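Work through the exercises below with the sequence and the model at hand, and try each task before reading its solution.

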Amino acid sequence: MEAVPAMTLLAVLYAGGEWLARRRFPGTFYPVLLAAVFLLPAPAAALVALPGALLSPVEQRPAWLRRVWRAAELVVAVWAAGRVFRALGGRDAVEASDVPYALGPAAGAVLAFCAVLTVLDGGILVVAERVPVRRAWRGLLLRSLAPVGVHGLAGLMMAVLWRSPYGPLAALLVLLPMGVSWWAFAQYHRERGAHQATIRALVQAVDIKDEYTRGHSERVGQASMMIARELGMDDERVEVLRFAGILHDVGKLGVPTRLLRKDGPLTPEERRVIELHPEYGHEMVRGISFLGEARAAVLHHHERLDGSGYPYGLVGSQIPESARVVAVADAFDAMTSTRSYSRARPVAVALEELERCAGRQFDPVMVAALVRVVRRSGWDPVVTADGVPSRRVPSPAPVSGRAGAHR
Amino acid sequence: MKRGRALPLIHGSAALLALFSLGATLWTGVEQRGIALAFGALVALGELTRWHGPQVREAAPLGAAGALSYALLGEDAGRATTHGVAQVISVVLAASLVGCVPHIARGRGGVFDHLARRVLTVGFAAVCFQPLYNHGTFADWSGPAYALLLIALLALTALCDAVLAAALAHSRTGWPFGPLLRDELRGMPGIGSAVGATGAVMALGVAVVGLWALPVFCLPLLLTQVSLRRYAAVRTTYRQTIASLARATEIAGYTPAGHARRVAALSRAVGRDLGLSEPELTVLEYAALMHDIGQLSLVDPVPAGATAGLPGAEQRRIALLGGAVVRQTGVDAEVAVVVERQADPYPEQPPAARIVRAVNAYDEKVRDAGPGGPLTALEELRLGTAGDYAPEVVEALARVLSREGLTLPSAG
């Protein structure tokens, strides 16, 4: 019975915290739960989780069913952690403020907490969402151990200070740095979202000028990503190559709108002006440090393996790998979508054409990767920026017979 | 506080305090060496992990928290501590110096300001606490009251630190002291409160469980530091992306090279002179960077991108187009509002839009003029204040320009 005030206070704290952090990341206030594990008998600690979990935010329907499941899951996990902590003798250590000893039981409790949550999370994925058994549990435990471990340390400090003469007030101070940390994390996600939207806007600015190629940039991004993944590059590089594909034509902003929108064949002079766009694009993106090798791809995506490309006429391996990837993706999408000067070709025909030009114009490794991945999983790009359907114009005479020799 | 007098005052008093403490400590010797060593190591570690960059309020949160907790440490696992003010300052100074060595070796500046601030802040906390504690004043205070006392002391110390930081920034940059102090105070609930709370928790934690509390409580604060660092990093890349987006109009040949960057830098300086807060300055800077973006929607460029000379209706049309583009970029909606309203008559404009309008006109006017350009341009703006340009903005612009010697800031 003497646990009731502490239990009530912790439950209110947890519920208040989860409510404040709503729509963001559930589990932010685990330090409170873990402090309850270290302070209270297991059943009382389990009750602490209940109101907060029932109030917690749910994005998908049915909301109440999900809330009840989440509450049940947390109650079981907290209870199990409490039992483990007590069995290992942690409660006496907390009473005696014996921190080095209490670290062991606390680690056990954290492990139990994570293990129970992992088993239940994976289990519900398998049963209710029909996720394959192999995928359901992959990485779930390892991903949660580190953050919950840090939360556990904070919870342990809370518990020790709570039992000390300084009382609950001192314990609550522990939550401040955790709160700031959560705030910074939420801001980070918000800012990252805004950043991605800005990059998309950079691309849309091209679309304003060049209406025929709407959606082209994102599709090239997708194809570049598929090639990079097929070549076994790590996730970070795959992401950079996606940006490379998305931004490859950003230099078209520097080409007069009249030229980009011109129907019919171009004079050699006009062609030269359009061929400046890789350099314009590089000039724009070179200040964005996180783009890394994507910047080289923007500059060199019109180079050809035999040295007949532009702007520098690089040969073979002089061309950066990222540019070779984007060149293939660019040509592929140019052939499979309708342009003002040519009608869309079927995917199979486009792949054959790419294979024909591999070695002279394109890197055979990239072409082979694209052929493999498209034959295996198809080509069905999802384009988010595809707002207005593009203006279809009957194609005038082809500008050039060479594959991917688009503007 | 006059610019130029604050800097020697702060550095001088910090150096005096440091010398006096070192002398006193050498004279009496170090008490309770184990505790001194543990806290020294913590402070040094905090300084080593200190990070550099703009927009960083507390560069070494762990170092600050460790130093404060040593200043407010009364007990170690139930036994009273005996160290005095001089020892606190000496240990913190020595540890900070050790931790600063790699930073100095890499040639990073700002070390002296940082050290002076640390010494004075810690000195303030220690002077408030240690003599009274060692005298036995708090002996019969109850636990929670003692905890409250520490919190109150930390709040006072944070205030003192904010004043110091603002004074240092004021004397380094010449920006007005009031808004700088307001920015420092506004930033306190963030990392400042985390540092203060960690300092209190470490002091209390060591009092209860001994030195074990230090490593255990390092980790949550390190986590905070990592989160804040990631946040700062993403803000930096975001800024770069917006600057690139702004250059689109230059590359497209709509505006002359460097125009957006110059307008942004000058707008920021004017905004600071007018006392805008840091978030407002960010909105102003982004809006200034993107103020010409509406021209991308034009099929043919305006001659030399000089919108200030166009008829009012045309200016407003381009401004509205720009606002529409900015809205698509997912940037703060306030930025879009500023871009949209940049061509309105100034009494109807938000302050940031007034600044963008006046600075944009100044940059366009000054460009074609010869050596007397800045003065002529300012004169034209002053004459135009009746309807187009807000008088207080033009005056602030004149102040900023006279401070910078009537040249345009070169970097963005």
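Helices are DSSP runs of H or I with at least four residues, and strands are runs of E with at least two, both numbered from the N terminus. This is a predicted model, in which local features need pLDDT of at least 70 and side-chain atom pairs count only at pLDDT 80 or more, while totals for chains, interfaces and linings use all residues. Residues are numbered from 1 along each chain as its sequence is written, and side-chain values use heavy atoms, with hydrogens and water left out.

**Exercise 1.** Find which residues the cis peptide bond of chain A joins, and where P311(A) lies.

*Solution.* The cis bond joins Y310(A) and P311(A), with omega about 5°. P311(A) belongs to the loop between α16 (294–300) and α17 (321–336) of chain A.

**Exercise 2.** Describe how α11(A) and α19(A) are arranged, and which residues meet.

*Solution.* First take the axes, which are lines fitted to C-alpha atoms over the stretch in contact, with angles from 0 to 180 degrees between N-to-C directions. Those of α11 (residues 216–230) and α19 (residues 364–377) of chain A come within 9 Å and cross at roughly 100°. That makes α11(A) roughly perpendicular to α19(A), given that angles under 35 degrees count as roughly parallel, over 145 as roughly antiparallel, 65 to 115 as roughly perpendicular and the rest as oblique.

Next take the contacts (heavy atoms within 4.5 Å): M226(A), I227(A) and E230(A) of α11(A) meet residues of α19(A), including M366(A), L370(A) and R372(A).

Finally, R372(A) and E230(A) form a salt bridge at 2.9 Å, N to O, the term meaning a side-chain nitrogen of Lys or Arg within 4 Å of a carboxyl oxygen of Asp or Glu. Because R372(A) lies in α19 and E230(A) in α11 of chain A, the pair ties together parts that are 142 residues apart in sequence.

**Exercise 3.** Describe the interface between chain B and chain A.

*Solution.* Start with the residues: 58 of chain B are in contact with 53 of chain A. The buried area (accessible area, 1.4 Å probe, that two parts lose on being put together, summed over both) is about 4,900 Å², of which carbon and sulfur atoms give 75%. In chain B, V216(B), Y231(B) and I251(B) lose the most area to chain A, together 12% of what that side buries.

Last, count the charged pairs: there is one salt bridge between the two chains, and E283(A) forms a salt bridge with R247(B), their closest N and O atoms being 2.6 Å apart.

Definitions and conventions: Chains are lettered from A and ligands numbered from 1 in the order in which they are written.
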